[in-house]
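Please keep the sequence and the model at hand while reading.

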Number of protein chains: 4
Amino acid sequence: LDNPVNLYDFQTHARARLDPQVLAYLEGGALDEVTLHENEQAFLRKRLRPRVLRDVSTPDLTSTVLGRSIAVPVGIAPTAQHHLFHADAELAAARAAASAGIPFVGSTMSSISLEEIAQAGGLRWMQLYIQQDRVLTEKLVQRAVAAGYKALVVTVDTPVLGRRERDLRLGSPRQTYANLDDISAEGETLADAAKRLIDPRITWDDIDWLRSTTSLPFVLKGIMTGADASLAVEHGAAAVWVSNHGGRQLDRLPATIDMVAEVVDALAGRAEVYVDGGVRRGLDVAIGLALGARCVFLGRPILYALTCDGERGVAAALRIIEAELANAMALLGAPRVADLERSMVV
Amino acid sequence: LDNPVNLYDFQTHARARLDPQVLAYLEGGALDEVTLHENEQAFLRKRLRPRVLRDVSTPDLTSTVLGRSIAVPVGIAPTAQHHLFHADAELAAARAAASAGIPFVGSTMSSISLEEIAQAGGLRWMQLYIQQDRVLTEKLVQRAVAAGYKALVVTVDTPVLGRRERDLRLGSPRQTYANLDDISAEGETLADAAKRLIDPRITWDDIDWLRSTTSLPFVLKGIMTGADASLAVEHGAAAVWVSNHGGRQLDRLPATIDMVAEVVDALAGRAEVYVDGGVRRGLDVAIGLALGARCVFLGRPILYALTCDGERGVAAALRIIEAELANAMALLGAPRVADLERSMVV
Amino acid sequence: LDNPVNLYDFQTHARARLDPQVLAYLEGGALDEVTLHENEQAFLRKRLRPRVLRDVSTPDLTSTVLGRSIAVPVGIAPTAQHHLFHADAELAAARAAASAGIPFVGSTMSSISLEEIAQAGGLRWMQLYIQQDRVLTEKLVQRAVAAGYKALVVTVDTPVLGRRERDLRLGSPRQTYANLDDISAEGETLADAAKRLIDPRITWDDIDWLRSTTSLPFVLKGIMTGADASLAVEHGAAAVWVSNHGGRQLDRLPATIDMVAEVVDALAGRAEVYVDGGVRRGLDVAIGLALGARCVFLGRPILYALTCDGERGVAAALRIIEAELANAMALLGAPRVADLERSMVV
Amino acid sequence: LDNPVNLYDFQTHARARLDPQVLAYLEGGALDEVTLHENEQAFLRKRLRPRVLRDVSTPDLTSTVLGRSIAVPVGIAPTAQHHLFHADAELAAARAAASAGIPFVGSTMSSISLEEIAQAGGLRWMQLYIQQDRVLTEKLVQRAVAAGYKALVVTVDTPVLGRRERDLRLGSPRQTYANLDDISAEGETLADAAKRLIDPRITWDDIDWLRSTTSLPFVLKGIMTGADASLAVEHGAAAVWVSNHGGRQLDRLPATIDMVAEVVDALAGRAEVYVDGGVRRGLDVAIGLALGARCVFLGRPILYALTCDGERGVAAALRIIEAELANAMALLGAPRVADLERSMVV
């Protein structure tokens with residue numbers, strides 16, 4: 001892929017290269033895929049109010065998440081099974097994140113182990129399902145701590161798996177789960193794996209249990225209401241991650257960006273807010289930040305870039321996002337992240 | 001039809017198999033078919049607010065209608081002339097409903113008699129027009145009672161027949177009316193039959209008359225305003241069925257799902273509320289229930305499934321709807337029907 | 001044209017038969033034709049609230065306009081140059097109106113004279129421009145009185161001609177003006193004719209002058225605001241006709257149906273209200289009446305029907321409109337015109 | 001181009017003639033080009049409230065800008081590098097403006113010098129960037145004064161260049177900068193030139209500095225909020241120009257026409273308001289004036305017309321805009337510019 005101009009270029013290129021089954025697995029959403037498209041469309045519907053004649057000569061994109069410095073308030077969201085997209089698998093994306101100075105969130109369902117991912121260095125968080133087997137869950141937490149992961153990202157929107165019809169038709173690709181000893185080496189389907197990994201019984205009590213097992217700060221990912229955001233912080237969450245699982249769980253959920261303000265207001269500063277879903281532009285990042293998110297995460301775009309050119313591809317995508325964000329901040333009259341205000345978004 | 005994934009699969013398959021005249025009769029709506037499409041579109045426009053971390057391990061889809069238990073709050077709406085779609089006619093759909101533990105509503109214009117339908121067992125209601133000949137009307141009620149039907153569903157949105165232009169162009173298929181002795185065996189057109197079956201003079205007084213003839217509870221089907229819903233309960237209706245006759249009567253009526261809340265509020269618990277029109281997903285059912293409907297009925301989708309594979313087809317369609325509903329309830333954080341709240345729908 | 005089902009059938013048929021220049025003249029609107037399409041679309045966006053269980057066995061479509069009985073509250077709007085569409089020209093449409101018991105409004109720019117049109121009988125009104133030559137204007141009024149026309153319809157939205165780009169490209173068809181002695185027999189273009197017929201200087205004073213010349217009631221056609229409607233009645237108008245000249249004068253005006261309620265409210269019963277623009281269905285007529293119009297006028301649809309089959313074509317179109325209106329009233333639970341209430345339209 | 005009917009005709013004709021790279025440079029916008037299209041669409045969404053029976057026989061389109069008479073409240077916005085479109089370059093457009101009696105705004109990045117442009121006569125303003133080199137900036141101001149330019153138009157929405165992806169893909173055409181001695185004769189790309197011309201450090205203090213260097217009135221161009229409009233007047237601006245740089249700077253800004261009322265209200269008469277962006281019709285001009293703009297500027301349409309036929313082309317385009325505006329004012333019942341009221345636009 002020569003001279004990509006924006007993140008859609010990676011998408012176009014990757015679509016032409018991926019196996020149809022893998023592409024369906026990557027691009028599909030639940031049911032009618034209303035939410036899948038709404039995530040992107042909602043960003044395009046936002047209108048901005050720029051301010052002029054502010055010194056924007058020294059754009060400062062640095063920020064912090066959970067007390068740690070990051071170079072750009074952008075992160076790589078947890079996505080499973082990177083080996084489907086590139087031979088270097090998760091290591092490629094993790095290295096690109098580390099080089100860019102942004103957080104990488106490893107998935108429980110990664111195709112290489114969390115310890116291997118840790119070789120990339122950089123700020124890493126560990127995504128977690130509270131599995132039916134709590135002993136295995138706790139063991140995973142301990143491994144994450146040992147490998148230097150700095151926070152847990154607990155997915156709470158998946159008590160059962162959403163109905164992803166592309167996968168129901170084509171089958172999901174064969175998977176490998178390096179983090180999970182109990183899953184056989186030859187792999188199994190996503191649906192089979194999910195039956196072990198996810199637990200429809202989990203409640204806020206299980207969050208309390210998890211909190212009791214570790215001193216790592218934890219983030220609850222998959223919250224879409226102010227009410228649940230408040231509960232999250234009452235149960236000790238350090239941050240709330242607004243997500244609808246990329247439109248892969250329940251369809252007709254609102255776009256994530258449309259729920260950020262409600263969650264930010266409900267938290268009133270008691271915890272950080274993150275968001276993913278439909279982010280394709282540095283301008284989307286600016287909108288998320290202006291609405292009160294502290295960090296904006298990328299999912300599918302990273303996998304498109306990974307498909308195109310491994311670590312180099314992801315690094316190139318991150319550079320574009322950063323350049324677009326810097327440009328947007330300058331043109332909004334907001335040289336620092338803190339200058340992005342909610343009143344700039346209509 | 002192998003491995004249907006959703007109800008649209010039945011529709012696609014059936015469209016390829018049905019005679020054009022029958023297909024036009026099945027799919028057509030009144031005038032410009034605005035309401036026909038609006039019924040489906042309004043469901044797709046709804047946005048949901050899911051709650052997380054609730055124990056959804058034991059989904060309970062059971063409910064009751066008019067005091068009788070049902071396995072899933074879904075029913076089969078009355079539709080005429082099933083013999084056009086499958087040789088087993090109404091018996092196929094009625095058997096599938098009985099097996100699924102959900103109510104089946106027989107049509108006055110069924111192609112086999114209500115007594116034959118009764119052989120299917122299960123919870124059955126009888127759809128009724130107050131015919132110009134009140135003696136025949138009363139006789140039909142008595143037959144329904146004798147055959148074990150548990151409620152009357154009185155269609156009130158058809159004082160005259162809507163202008164279904166597909167039928168005006170292609171003609172409606174030849175029909176047989178097993179319930180109606182006075183209609184000749186060789187059949188007549190829908191328009192001809194309608195002239196006998198429907199009566200433009202009926203008013204609330206006729207509802208009072210009907211009430212006086214039977215102790216069966218009755219439902220008024222085809223109500224689209226809170227005002228008429230209130231009148232219905234004042235005239236003894238046990239339930240109000242929000243319907244626009246699948247867009248086949250008057251065009252430019254709102255989508256039925258958009259009128260449910262008004263009707264529920266007007267009734268304030270004095271009678272049950274049902275809805276049909278545009279339901280294609282278990283998620284649509286969840287939305288109807290959340291807005292206050294007690295049961296959500298399927299019309300055309302049943303006929304598509306019937307066309308594909310008779311009783312087996314209808315049973316398969318009902319299993320999909322049930323699976324989709326269970327999935328939606330789990331992902332909304334509503335393990336029981338009563339947990340579906342209006343605040344979950346925007 | 002065999003068995004037309006709706007008014008679009010006439011349109012489709014006529015489009016295939018008309019000379020491109022004539023078709024452009026008939027179908028075109030001003031500038032970007034936003035208003036042209038908006039007139040129709042606004043009707044399709046309306047949503048209705050039907051009432052049930054009212055005796056609709058004897059639909060009564062009769063009404064009055066300016067004190068005279070009409071069989072259906074529908075009329076034929078003034079349109080110019082019927083000879084372009086059928087050899088029988090205005091006589092065909094006037095005869096069809098007379099047979100149907102509805103008002104026909106003759107155009108100053110008719111291709112046969114107002115006296116010839118009068119041979120059709122029926123209720124006739126005369127459309128008038130206040131021409132630059134007031135003597136000719138007054139003469140036309142006197143001729144209309146002599147020929148039994150019962151009201152004047154003064155067009156007030158044409159101080160200058162709108163920019164109809166289809167005509168600017170193709171040229172307008174050659175015209176004949178039987179009412180206007182001073183225009184040469186061999187005809188001239190619409191733009192040339194307009195220069196004589198319309199006067200950019202006219203004000204409310206000229207309405208007062210017109211009123212002083214005749215005892216005929218007059219209607220002001222082309223009013224789109226409540227403020228001008230009030231002025232109209234203060235200057236003696238018996239009725240206000242909400243019109244945007246079929247989208248042919250100024251583009252980006254609202255749909256006429258969207259201005260009816262404002263005009264009705266401003267008049268508060270002091271004068272009758274009529275509307276034209278985008279009417280294609282008897283259901284559109286019902287909407288206009290429910291919003292407070294006393295009569296709903298048809299323009300282009302009459303010319304499509306005229307093209308198809310002269311008087312017979314227009315009669316057939318009027319029968320369809322009447323049947324659709326009767327059907328809509330029955331299904332709205334409004335057996336009489338007066339039963340159509342504003343609350344039925346959302 | 002024979003007999004152009006509207007400004008789209010010039011666009012269509014020019015598109016077929018221009019080199020793809022030049023066309024991309026002309027037509028492109030920033031990022032997803034949402035704002036580019038929104039500028040035009042917002043005008044088409046406006047709905048008008050016309051008044052009737054006002055004497056519109058003597059339309060008066062004259063107005064003033066900054067105290068100087070203009071024949072029509074329309075102007076030519078600053079655009080760079082006219083030599084790409086016609087051999088006569090800026091002189092052609094400036095002559096057409098002078099003949100039409102409307103203001104021409106020369107660009108700092110013009111392909112002929114501001115002194116050469118001055119030969120066209122007429123009312124001229126000079127567009128200015130506050131360059132990194134303040135001495136060069138001041139020298140340009142002095143040259144403008146000497147050459148009879150009557151106001152400065154300071155572009156404030158370009159502290160950095162927007163991401164115009166068409167140019168990023170195709171490269172921007174080679175440019176020549178006759179006003180800028182320090183840029184080499186063989187030209188450089190837009191991006192290179194921009195690095196010298198624009199300064200990301202400029203703030204309101206620099207506006208104060210500019211004000212101290214000259215007695216010319218100045219206009220701030222590129223303001224999109226009432227808050228910045230107020231600051232502009234507090235810092236001495238004689239007028240505020242609502243612009244989003246034709247959608248070329250930051251995407252997802254609102255349409256300019258949608259921000260005019262807010263700016264007008266914030267200024268409350270303390271300074272004049274201008275607007276550009278998406279203007280394609282005299283009717284658009286009328287809308288801008290009704291919302292409170294004192295003059296409405298054309299950008300790309302002038303370049304399309306220039307491409308088609310040089311000065312003659314631009315003159316023809318201006319005649320069409322004037323004719324459309326006069327027609328719109330007559331049909332709105334607003335014979336003078338001051339009769340265009342905000343209440344006419346919804």
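Chain C and chain B bury about 2800 Å² between them, and 59% of that area lies on carbon and sulfur atoms; buried area here is the accessible area (1.4 Å probe) that two parts lose on being put together, summed over both. In chain C, the residues that lose the most area to chain B are V52(C), L53(C) and L331(C), which together account for 26% of what that side buries. The size of an interface is often given as the accessible area lost when the parts come together.

The structure is a predicted model, in which local features need pLDDT of at least 70 and side-chain atom pairs count only at pLDDT 80 or more, whereas totals for chains, interfaces and linings use all residues. Residues are numbered from 1 along each chain as its sequence is written, chains are lettered from A and ligands numbered from 1 in the order in which they are written, and side-chain values use heavy atoms, with hydrogens and water left out.

**Chain C against chain B**

Counted by contact, which means heavy atoms within 4.5 Å, 30 residues of chain C meet 37 residues of chain B. Across this interface the rule finds seven salt bridges, a salt bridge being a side-chain nitrogen of Lys or Arg within 4 Å of a carboxyl oxygen of Asp or Glu. The interface of chain C and chain B also holds 13 residue pairs in polar contact, both residues being at pLDDT 80 or more; a polar contact is a pair of N or O atoms within 3.5 Å, where, within protein, one must be able to donate a hydrogen and the other to accept it, and residues adjacent in sequence count only if both atoms are side-chain atoms.

On the side of chain C that touches chain B, at least two residues each come from α1 (7–17), α3 (34–45), α12 (282–290) and α13 (300–332), with helices (H or I, at least four residues) and strands (E, at least two) taken as DSSP runs numbered from the N terminus. The largest share of that side, eight residues, is supplied by α13(C). By class, the side of chain C that touches chain B has 17 nonpolar, three polar and 10 charged residues, where Ala, Val, Leu, Ile, Met, Phe, Trp, Tyr, Cys and Pro count as nonpolar, Asp, Glu, Lys and Arg as charged, and the others, Gly among them, as polar.

**Chain D against chain A**

Here the contact takes 37 residues from chain D and 30 residues from chain A, and the buried area is about 2800 Å², of which carbon and sulfur atoms give 60%. In chain D, R163(D), L250(D) and R252(D) lose the most area to chain A, together 27% of what that side buries. The rule finds seven salt bridges between chain D and chain A, and 13 residue pairs are in polar contact. α10(D) gives the most to the side of chain D that touches chain A, with four residues, and that side divides into 20 nonpolar, six polar and 11 charged residues.

**Individual salt bridges**

Over all chains, a search of the whole structure finds 92 salt bridges; the table lists some of them.

| Pair | N to O distance |
|---|---|
| D9(C) and R169(B) | 3.0 Å |
| E38(A) and R47(B) | 3.9 Å |
| D32(D) and R281(A) | 2.9 Å |
| D284(A) and R252(D) | 2.7 Å |
| D339(B) and R336(B) | 2.8 Å |

Both E38(A) and R47(B) are buried, buried meaning under 20% relative accessible area, exposed over 50% and partly exposed in between (1.4 Å probe, protein chains only). By contrast, D32(D) is partly exposed at a relative accessible area of 26%, while R281(A) is buried at 1%. In the pair within chain B, D339(B) counts as buried at 14% relative accessibility and R336(B) as partly exposed at 46%. Salt bridges also link D32(A), E165(A), R252(A), R281(B), D284(B) and E324(B) in a network.
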